[in-house]
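Biologist: Please show me the model, and then let us go through its contacts one at a time.

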Amino acid sequence: MLLNLEQVTLRFAGNTVLDKVNFGVEANTLASLIGPNGAGKTSLFNSITGFYRPQEGRIEFDGERVLRRKPHKVTQLGIARTFQNVRLFREMSVMENVMAGMHCRTRAGAFGAVLRTPGQRAEERYIAEVAHDCMRFVGVDEYADRLATNLAYGYQRLVEIARALATQPRLILLDEPAAGLNATEKAALIELIRRIRDERGIAVLLIEHDMGLVMQVSERINVLDYGRIIADGNAEEIKNNPRVIEAYLGQEDEEMVL
Amino acid sequence: MSTATGRTAGLVDRLYATFDSPRRQMLLMVAIVVVMAVLPLVMGRYATTIMTNALLYVVLALGLNIVVGYAGLLDLGYAAFFAVGAYSIGILTVQFDWNFWLAIPPALVAACLAGVIIGGPTLRLRSDYLAIVTLGFGEIVRFSARNLEITGRASGLSNIPEPSFFGYVINSYVDFYYVFLLLAVMAVIASHRLYHSRLGRAWLYVRHDEDAAEAMGINRVRVKLAAYVTGSVFGAIGGIFFSVNLGAISPESFSFEQSVLILMAVILGGMGKIPGVILGAFIIILGPELLRELGELRLLLFAVVMLLIMLLRPSGIWPERRH
Ligand SMILES: Nc1ncnc2c1ncn2[C@@H]1O[C@H](COP(=O)(O)OP(=O)(O)OP(=O)(O)O)[C@@H](O)[C@H]1O
Ligand SMILES: [Mg+2]
């Protein structure tokens, strides 16, 4: 297991958001985490990436303890993420946004910057190179100099993925990447998610409400309901799992087509 | 009224737009430096001294701009760093007979320490508390200077020796004008390079969205601390040369009003943008001088003009504008 969660419990003022969650993602796989609204999916992402502090349990990434590490340390370990509601640096260019990802893989400080040392200049070139590579990979390189906030919503989502890729992760967590995308964009997203794994060897864990997309890309699906994992299996198994069907009943806004 | 101001603002914006390209900005800067370099040849002693003071303020304002403009932090006690630089030199050269140039490295180290001391505990505070803590820090430094034996108490330190540079003694007012011109140019270059660097971008990321920055692997505490330390080094360099220029320093040179003036230069000019901050520093120093004829009224008039500028151009005279 690349990522492994054991008995993770997260409470907010007595409200149990994650309840003894056992969960894992294997290296080089495409996995999904689904569940009704408010099930605790985003909270699980936040717990993995250090934004939330679960009270109990263990989280390990590649044998390293992740729990109680600061978010930037988790990113350094090789876990990247996107946010449910796009959180780009809106007033900065697409290029600068993607360059942010390279921060944790580089080291020049104030001295290097002021003196423009050869090492610092080489590093800046490297940062630009990786940023261009990531922008090309997701297909936003032609907008490199545009302000992030001026981009169409679908492209903003792609920039966020490029920025996460620039951290050079081994696992990428995507929180509802298809939300707000049209059919064409969704098809392109499916293609992109596959390429992230196939061409870059990065494992993908996806939170998604679009079941069509989930069933198409996921090799493994976990279902979360009221903070508990209620099912774990491949697309076929999940589709026919009675507990899953029950969990989704009465959720008329869900696009659960089983 | 509103259409008229709108039109003026539009005109001003267009003027700035012509200097938006880095090449033209560079040319403008070179031209300004050349003009500044010949100024002492045509100016009298008084005017040259005032200009020297303005150049000192350029260095200080650019330093504070790193904290306030780039990193978006608040600092109401910036004069403290200025004081640390000045007093380090004063103490080492007067009390311990050190050579001026040898005293510079310890002065810079002291400034870095001061930056860490002020930055460390304040980074976890909300901005309103930050205002109080930084203000308090400024007052503590001044209070210490006024009460310690080694800093010469209220009368301060005098007879700070003039530095010599390869046998040439830097002592005339013209010499110091050129020293501060050089410092200001170096401060501009350093600010520019920092802004376009990994650390400079990190300041912007953290200022724009702390969570997203952290998710990108940026250590927010460390980045903010770097802003305080870098800003404090700028301040200390200003203080170091301020002390040898005057030859004497006293606690009152590092008052709260001093911090406010520097902050005003940054805000007035438009936080974050180098040309704006330079302009702000010049306005803060030259403004009251140009209005000197008016006697008592000049400070009032200056305050009114400042207020008008704030109202008409709330984001500064030459604000940061990107793309
Ligand atoms: N910071 C917080 N403080 C208090 N409660 C929280 C916090 N974050 C999440 N919760 C609660 O945890 C529960 C799960 O929220 P979460 O956002 O993880 O759900 P989700 O599965 O991502 O839902 P959605 O599909 O709508 O995004 C909700 O009841 C929410 O109110
Ligand atoms: Mg969510």
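Modeller: A salt bridge here is a side-chain nitrogen of Lys or Arg within 4 Å of a carboxyl oxygen of Asp or Glu. This is a predicted model, in which local features need pLDDT of at least 70, side-chain atom pairs count only at pLDDT 80 or more, and totals for chains, interfaces and linings use all residues. Residues are numbered from 1 along each chain as its sequence is written, chains are lettered from A and ligands numbered from 1 in the order in which they are written, and side-chain values use heavy atoms, with hydrogens and water left out.

Biologist: How many salt bridges does the rule find across the interface of chain A and chain B?

Modeller: One pair is A:Arg87 with B:Asp209, whose closest N and O atoms are 2.9 Å apart. Across the interface of chain A and chain B, the rule's count of salt bridges is 3.

Biologist: How much area do chain A and chain B bury between them?

Modeller: Contact (heavy atoms within 4.5 Å) takes in 34 residues from chain A and 26 residues from chain B. Buried area is the accessible area (1.4 Å probe) that two parts lose on being put together, summed over both. Carbon and sulfur atoms carry 59% of it, and the total for chain A and chain B is about 2900 Å².

Biologist: Which residues of chain A lose the most area to chain B?

Modeller: Three residues together make up 23% of what the chain A side buries. They are A:His72, A:Phe89 and A:His103.

Biologist: Which side chain meets A:Arg228 in a salt bridge?

Modeller: The N to O distance in this pair is 2.8 Å. A:Arg228 lies in strand β10 (residues 228-233) of chain A and its partner in strand β2 (residues 15-25), 209 residues apart; strands (E, at least two residues) and helices (H or I, at least four) are DSSP runs, numbered from the N terminus. The partner is A:Asp19.

Biologist: Which helix gives the most to the shell around ligand 1?

Modeller: The shell (a heavy atom within 4 Å) has 13 residues, with A:Lys41, A:Thr42, A:Ser43, A:Gln84 and A:His209 the closest. The helix in question supplies 3 residues. It is α1 (residues 41-48) of chain A.

Biologist: How far is a polar side-chain atom of A:His209 from an oxygen atom of ligand 1?

Modeller: The side chain of A:Asn37 has an N or O atom 2.9 Å from a ligand 1 oxygen, and a backbone N or O atom of A:Ala39 lies 3.2 Å from one. For A:His209 the distance is 2.9 Å.

Technical notes:
A polar contact is a pair of N or O atoms within 3.5 Å; within protein, one must be able to donate a hydrogen and the other to accept it, and residues adjacent in sequence count only if both atoms are side-chain atoms.
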